[in-house]
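Subject: Handover of a structure and its findings

Dear colleague,

Please find the structure below, together with its sequence. My notes on what was found in it follow.

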Amino acid sequence: MALRCAAPGRVRWLARALAGSARLLPPAAAAPGPLSPARTRLPQLSARFASSAGSGTEGPQRRVVVVRITSPFAWLRTRFYYLLIRLYFDQEFSIEEFTRGAKQAFSVVSKLLSQRKLDLLEELVSAEVLQVLKEKISLLPDSHRDALAADIDAIMYTTEGDVRIYYDDDGRKFVSILMCFWYLNGANLPDEVPGEAKVFQIVFGDENTKEKKHLLTANYEFQREFTEGAKPDWTITRIEHPRLLE
């Protein structure tokens with residue numbers, strides 16, 4: 001699927017990756033619901049840990065295996081929506097390409113959030129969501145803000161949480177896809193974070209070189225308008241970092 005840049009220098013990563021010849025949807029066209037409670041049941045995930053001896057290294061190496069548990073009904077439902085998107089909206093749509101693009105977008109946006117460079121998110125995130133982020137980011141402790149950042153190589157698992165096709169009161173057509181990410185982060189977080197929910201902790205290396213990382217989750221929703229004449233642009237209309245950005 002051919003893609004072109006979202007905005008020179010700043011959002012080339014998203015334009016290459018998200019479906020269609022996409023730039024980002026203007027913030028004014030974004031649907032409501034910034035940082036709102038989850039509107040759909042997200043897939044259940046669990047983490048398993050495996051050890052294997054690496055060649056040329058001393059001692060075992062740890063790797064993380066994330067296992068997805070989903071219902072057949074949810075799987076069939078999302079595949080049906082992908083079929084509708086290809087039949088009626090975008091014949092070249094590919095969930096595999098979209099997932100790769102969403103992963104890149106999540107990494108870049110999460111780092112900008114962590115660095116408090118919110119001015120660089122204006123073309124990437126809807127205005128309503130961005131306003132809420134500005135208020136919340138300023139109140140975060142440094143450890144929680146550091147934990148928002150996800151390096152692309154530290155993303156352990158990516159999956160879709162929900163797909164929606166809908167019309168607004170003016171008859172405009174929209175598609176939104178909620179993506180869920182699991183990623184490793186070495187921020188100095190307490191064993192328990194607000195919300196009384198356990199965060200997975202993983203220790204790499206031996207006693208002399210051990211490194212503790214947290215296995216965290218995030219949910220980002222991407223939306224595009226498919227009304228005739230609308231720009232083929234995606235925008236992020238929902239950002240959730242559970243137990244970090246509440």
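Helices and strands are named here from DSSP runs, numbered from the N terminus: a helix is a run of H or I with at least four residues, and a strand is a run of E with at least two. The model is a predicted one, in which local features need pLDDT of at least 70 and side-chain atom pairs count only at pLDDT 80 or more, whereas totals for chains, interfaces and linings use all residues. Residues are numbered from 1 along each chain as its sequence is written, and side-chain values use heavy atoms, with hydrogens and water left out.

Overall view

The protein has five helices and nine strands. Along the sequence they follow the pattern α-β-β-α-α-α-α-β-β-β-β-β-β-β. Of the 246 residues in the protein, 48% are buried. Here buried means under 20% relative accessible area, exposed means over 50%, and partly exposed lies in between, with a 1.4 Å probe and protein chains only. The accessible surface comes to about 12,700 Å², and carbon and sulfur atoms account for 50% of it. Such areas come from the Shrake-Rupley method with a 1.4 Å probe; for residues, only the protein chains shown count as cover. A contact means heavy atoms within 4.5 Å. Among contacts between residues at least 6 apart in sequence, 67% join residues at least 24 apart.

The nonpolar core

A nonpolar core is a set of buried Ala, Val, Leu, Ile, Met, Phe, Trp, Tyr and Cys residues joined through side-chain atoms within 4.5 Å. The largest one has 45 residues, of which F98, L113, L121, V125, Y220, F222 and I239 touch the most other members. Two or more residues come from each of α2, α3 (95-114), α4 (127-137), β3, β4, β8 (211-225) and β9 (234-240). Helix α3 gives the most to this core, with eight residues. L121 touches V109, L112, L113 and L130, when residues up to four places away in sequence are not counted.

Two strands are taken to pair if DSSP finds at least two bridges between them. Strand β3 (residues 155-167) and strand β4 (residues 173-185) run antiparallel and are joined by 11 bridges. One of the residues involved is Y167, whose bridge partner in β4 is K173. The two strands form a hairpin with five residues between them, and G171 in the turn has a positive phi of about 85°.

Salt bridges

Side chains of opposite charge can pair when their charged atoms come close. A salt bridge is counted where a side-chain nitrogen of Lys or Arg lies within 4 Å of a carboxyl oxygen of Asp or Glu. The search of the whole structure finds nine of them.

R79 is partly exposed, at 29% relative accessible area, whereas E160 is buried, at 7%.

A further group is a network of salt bridges that links D168, R172 and E225. R172 pairs with D168, their closest N and O atoms being 2.7 Å apart. R172 also meets E225, at 3.9 Å from N to O. Because E225 lies in strand β8 and R172 in the loop between β3 and β4, this second pair ties together parts that are 53 residues apart in sequence. E225 is buried, with a relative accessible area of 9%. R172 is partly exposed at 27%, and D168 is partly exposed at 22%.

Surface and backbone details

F80, L83, L87 and Y88 form a nonpolar patch on the surface, with about 450 Å² of accessible area together. Patches are made of residues with over 30% relative accessible area and no salt bridge; nonpolar side chains (Val, Leu, Ile, Met, Phe, Trp, Tyr) are joined within 5 Å, and like charges within 9 Å. F80 is found in helix α2 (residues 72-88) and counts as partly exposed, at 46% relative accessibility.

Phi of R116 is positive, near 60°, and R116 lies in the loop between α3 and α4. Phi of R243 is also positive, near 70°. R243 is found in the segment after β9 and is partly exposed, at 22% relative accessibility.

Yours sincerely
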